[in-house]
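Work through the exercises below with the structure open. Each task is followed by a solution in steps.

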Amino acid sequence: MRPVTKIEKITADILDIPTIRGHVLAMTTMTQQSFVLVRIQFSDGSCGIGEGTSIGGLSYGCESPESIASAITTYIAPMLQGQAANNVNALITRMEKVVKGNFIARSAVEMALWDGLARRLDLSISALFGGAQHASIQVAWTLASGDSARDIEEAEEMLATRRHRIFKLKIGNRSVEDDLAHVGAIAKAVAGRASIRVDVNQAWSLQQARWGAAGLQDLGVDLIEQPLAAHDRAGMAELVASHKIAIMADEALNGPKDALAMAQARAADVYAVKVAQSGGLAAAREVCAMAEAAGLGLYGGTMLECGVGSAAGLQLFATRKQMQWGCELFGPLLFKDEILATPLVYRDFDVHLPAGPGIGVELDADKTKYYRRG
């Protein structure tokens, strides 16, 4: 009888990597991203890796890189150490009982647990989850310099190199009139060659959103992401009912319970499914299933993860029947350096599923050491 594989050690390190340019959001401008890299060592000599990432420190949500690392090292790691490793579902339940909230911290550990299990079975996570239905997924690029001319130049470069033909614009930190002018200039420049979408990051009031949605619809924009505060399901439902332009939920989705409530309220046309924000790969899979059952579109969202979290998300999204709105797993392209030994492949407007076991990627030990904080 084989000995039971157990969890021996869990570590969580913060890595800081600069971005290639300022990344302008409604709530902050990012010039670097901080990742929490999780490694789990198992008693049979195998290991698993995971990632927990927030956006702009605490400006996006209630978890920061520092809080994620602290929750893992102080609470989650001691509680899981010595536990049998192969029953990931039981370990997820154990984390949920002992650690409330902290979705990103729990997600990062869960990712490493799935990665370790899949590697021991010599399977990819997509195979472990029933099999990939897509070898690649169309990937969006965020135009977030805030300057129309610069964004148009960047979009033209992406089209010419066949890297992206979906562009999402970050708006909401200027007046609605100024945002419409900015979006209109870019939409006109790439008309007929690309999909234009916007992300408001909850910055609009309902009145602004009524006006903004009408204007964006007239400009030929395809989709508006989270125009209202996450709690305003009634307002989101009003926008869905009164406009043809697709309304996508993002910050409103923190796991399956929110996904069910949003579907019941008809408060979105599309779900931006984020692994970390959902609370892990298993929960994100449930969010996807609820969207599909409700007849809603799916979009693979990002917390601007590096290659580790991006690869894990890709493994999940590749198992879905349809990814009608593509994904935005472009995080690794936003950073000045790469921490994977072999980077993810971005080609012909898609990001391609890596072929290795687990999440399919390996770390570059020198790079992870160089960017480790402290």
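## Exercise 1: Leu281 and its surroundings

Leaving out residues up to four places away in sequence, Leu281 touches Glu110, Met111, Trp114, Ile125, Phe129, Val275, Ala312 and Leu316. The model is a predicted one.

Solution. 
- Step 1. Leu281 and Ser107 are 174 residues apart along the chain, and their C-alpha atoms are separated by 7.1 Å.

## Exercise 2: α11 against α12

Task: Describe how α11 and α12 cross, and list the residues that make the contact.

Solution. 
- Step 1. Two packed helices are described by the angle between their axes and the distance between the axes.
- Step 2. The axes of α11 and α12 come within 10 Å and cross at roughly 40°.
- Step 3. That angle makes α11 oblique to α12.
- Step 4. The crossing is right-handed.
- Step 5. From α11, the contact uses Leu281, Ala284, Arg285 and Cys288; from α12, it uses Ala312, Leu316 and Phe317.
- Step 6. Sorted by class, the contact of α11 with α12 has six nonpolar residues, no polar ones and one charged.

## Exercise 3: α9 against α11

Task: Repeat the analysis for α9 and α11: at what angle do the axes cross?

Solution. 
- Step 1. Helix α9 spans residues 256-265 and helix α11 spans residues 281-293.
- Step 2. Their axes come within 9 Å and cross at roughly 10°.
- Step 3. Angles under 35 degrees count as roughly parallel, so α9 is roughly parallel to α11.
- Step 4. The handedness of the α9 and α11 crossing is right-handed.
- Step 5. Pro256, Ala259 and Leu260 in α9 meet Ala283, Glu286, Val287 and Met290 in α11.
- Step 6. The contact of α9 with α11 divides into six nonpolar residues, no polar ones and one charged.

## Exercise 4: Two aromatic pairs

Task: How many aromatic pairs does a search of the whole structure find? Work out the geometry of two of them, Trp114 with Phe129 and Trp141 with Phe330.

Solution. 
- Step 1. The search gives four aromatic pairs.
- Step 2. Trp114 and Phe129 sit 5.1 Å apart centre to centre, with 90° between the planes; the pair is edge-to-face.
- Step 3. This pair links distant parts of the chain. Trp114 is in helix α3 (residues 103-120), while Phe129 is in the loop between α4 (125-128) and β4 (136-138), 15 residues apart.
- Step 4. Trp114 and Phe129 are buried.
- Step 5. The ring centres of Trp141 and Phe330 are 5.1 Å apart, and the planes stand at 65°. Planes over 60 degrees apart count as edge-to-face, so this pair is edge-to-face.
- Step 6. Trp141 is in strand β5 (residues 141-143) and Phe330 is in the loop between α12 and β12, so the pair ties together parts 189 residues apart in sequence.
- Step 7. Trp141 and Phe330 are both buried.

## Exercise 5: Positive phi

Task: Which phi values do Leu304 and Asp348 have, and where do these residues sit?

Solution. 
- Step 1. Leu304 is not a glycine, yet its phi is positive, about 60°.
- Step 2. Leu304 sits in the loop between β11 (297-300) and α12 (307-317).
- Step 3. With a relative accessible area of 4%, Leu304 is buried.
- Step 4. Asp348 is not a glycine either, and has a positive phi of about 55°.
- Step 5. Asp348 is in the loop between β12 (345-347) and β13 (350-352).
- Step 6. At a relative accessible area of 39%, Asp348 is partly exposed.

## Exercise 6: Classify two residues

Task: Are Asp258 and Thr31 buried or exposed?

Solution. 
- Step 1. Asp258 lies in helix α9. Its relative accessible area is 19%. Buried means under 20%, so Asp258 is buried.
- Step 2. Beyond four places in sequence, Asp258 touches Arg233, Ala252 and Leu253.
- Step 3. Thr31 is in strand β2 (residues 29-42). Its relative accessible area is 54%. Exposed means over 50%, so Thr31 is exposed.
- Step 4. Setting aside neighbours within four places in sequence, Thr31 is in contact with Pro18 and Thr19.
- Step 5. Thr31 and Arg106 are 75 residues apart in sequence and 26 Å apart in space, C-alpha to C-alpha.

Definitions and conventions:
Residues numbered from 1 in each chain as written. Predicted model: local features only at pLDDT ≥ 70, side-chain atom pairs only at ≥ 80, totals over all residues. Heavy atoms only, no water. Axes fitted to C-alpha atoms, helices over the stretch in contact; angles between N-to-C directions. Helix = DSSP H or I, 4+ residues; strand = E, 2+ residues; numbered from the N terminus. Parallel < 35°, antiparallel > 145°, perpendicular 65-115°, else oblique. Left-handed = near helix turned anticlockwise from the far one by under 90°. Contact = heavy atoms within 4.5 Å. Nonpolar A, V, L, I, M, F, W, Y, C, P; charged D, E, K, R; others polar. Buried < 20%, exposed > 50% of the residue type's maximum accessible area, 1.4 Å probe, protein only. Phe/Tyr/Trp six-rings, centres within 6.5 Å; stacked < 30°, edge-to-face > 60°.
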